[in-house]
Amino acid sequence: MTTNATVRPAQRRLQAQLMIAGGLVLAVGCGIAPTRIWSNLLVGTFFLLTLALGGALFVALTYVSGGGWHVAFRRIPEALATMLPIAGGAMLLVLVGRMRQYGWHHDWHGDAGTFWFKERWLTPSFWALRAVLYVVLWSFLAGWLVARSRRQDRAGSPSLAAGNVRISALFLAVYAVTFSLASVDWMMALEPMWFSTMWGVYNFSGMIQATLAVVIILALFLRSNGGPLCGVFNDEHLHDLGKLLLGFSCFWMYIWFSQYMLIWYSNIPEETSYFIARTHGPWGPVVVGSIVLNWVVPFFVLLPKPAKRNGRVMMRVAVVVLLGRWVDLYVMVFPATLGETPVFGVWEVAAMCCLTGATGLLFFRAFSAAAPVPERDAYLAESMHYHAG
Amino acid sequence: MSDRVLVATFEHEDDLLAATAAVRRDGQRIVDAFTPYAVHGLERAMGLRPSRLTWVCFFCGMAGALGMLWFEHWTAAIDWPLDVGGKPWNSMPSDVPVAFEAAVLLAGFGSVLALLAVSRLFPGKQPPIIDPRVTDDRFVLVIAQSDAAFDLNVITTQLADFRALSVEERVTLPGGELQ
């Protein structure tokens, strides 16, 4: 069953224009400021990839925990998850297209005795092979999960959902290890001599927070103006998504600060290099900005109950959180690739336009490929009638 | 003002919810509802105003965080300056974990104590229970008989539509508590 009413042709055209215009500007920029374009591409594709992965994570977590509340809008995270092969392919192109951007590739200054493991681990061929493995594993497991959920619309067999619980458990175990490693390989390795054992969970916290924000925005969009989730996605769902967004905003702040405080406290030079580059000098205000966008605003705005049930408030907070996610990734990548001064200009705006347009196009294509509501899921009735309290 | 009330007992929470909403829609004054566990949506059906306990929680949490930040700063930088690892005396990052814990502790204790104080609960208190089975598997709705809109026959029939197990008249004690 295909529903073409999810997005109007004019909106689809706007998304395509954003993507193509942004892409053209970036293509021109490749000849003018290649490092800066690549940094923007890394931030953008990692953003997109973690949204897709976050959708799969949301679906898997709710299957494993036996959740029924989310079924009414489950097709949204499912559609995000089906973006994994394309987002992952783009990620691989960006990574392999400019491997020399990674410090270990040209600027190796470790001694073989102390850093023997790091040297082997970051061998370019092994590093690239791992990247392919991560993307293939995620795409396969997430695709399997979503395909079975969609098949249930026709077959109706509850055994498909029961089997999905087991696939979800497998996905979660694989995800926990591979995403942690991927964030180390792709983001931390930009500064190969620096390390943090909290890097994986720090990236996870930003990922799940941004995914919740995107699910909120898309759900509110899809229920507006007689959209396919009109009368399906209600204030109870919004309230619970708001609680999760509030909780994971606090989690992001908690993890961010835990990483910062451990490094600040022990004050060991090879660990402090990351934060000295980012909190001393012109990057300082940008870091403060990321904290305001990712925690201060969502925390104080979403604390009262009425705010979490108000579509307008939730939409704005979710947009703020997504901006915060971009700034967070910007602070991870740009100081490592471009140095001491924050830069923001036409290339960043073009990359953001391209990212927004591509996400919209990919999402609505994936969402239209199945029924907007999993109508034969055993938990759908529960999802339509529960109270968030 | 009369202190007579009507006590209706239900077997299912859905019946209680529907009856509460219907009775309130007809202009009756609802004294209280008693349930074995928190019934979601009941506060909306009863038309209760939003709880003020969240504000107690928020301000206790803020007081805990800010008070502890000030106290740590005073002990480590003002009253008896301590050199820890060569760091400045007013090292804020090291104050944050304790301030966070103090915020959680005061918010938690503050909310519980405020709740106990407002509902006049204390150890050893023996509150009169309207029906012993509300502690187990029965749901009770108490409606005031004072209002002009009150008509015993109409309401009894109406409650029967919501499968009320029993509807009886009671008198409140002088203290306002139900017996």
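Two salt bridges, each a side-chain nitrogen of Lys or Arg within 4 Å of a carboxyl oxygen of Asp or Glu, are counted between chain A and chain B in this predicted model. In one of them B:E43 pairs with A:K305, with 3.6 Å between the closest N and O atoms. Helix 9 (residues 235-266) of chain A contributes seven residues, the most from any element, to the side of chain A that touches chain B; helices here are DSSP runs of H or I with at least four residues, and strands are runs of E with at least two, numbered from the N terminus.

The two chains bury about 1,100 Å² between them, 72% of it on carbon and sulfur atoms; this buried area is the accessible area (1.4 Å probe) lost on being put together, summed over both parts. On the chain A side, A:F257, A:W264 and A:H387 lose the most area to chain B, together 42% of what that side buries.

| Property of chain B | Value |
|---|---|
| Helices and strands | five helices, four strands |
| Order from the N terminus | β-α-β-α-α-α-β-α-β |
| C-alpha box along the principal axes | roughly 80 × 30 × 30 Å |

Residues are numbered from 1 along each chain as its sequence is written, and chains are lettered from A and ligands numbered from 1 in the order in which they are written. Local features need pLDDT of at least 70, side-chain atom pairs count only at pLDDT 80 or more, and totals for chains, interfaces and linings use all residues, while side-chain values use heavy atoms, leaving out hydrogens and water.
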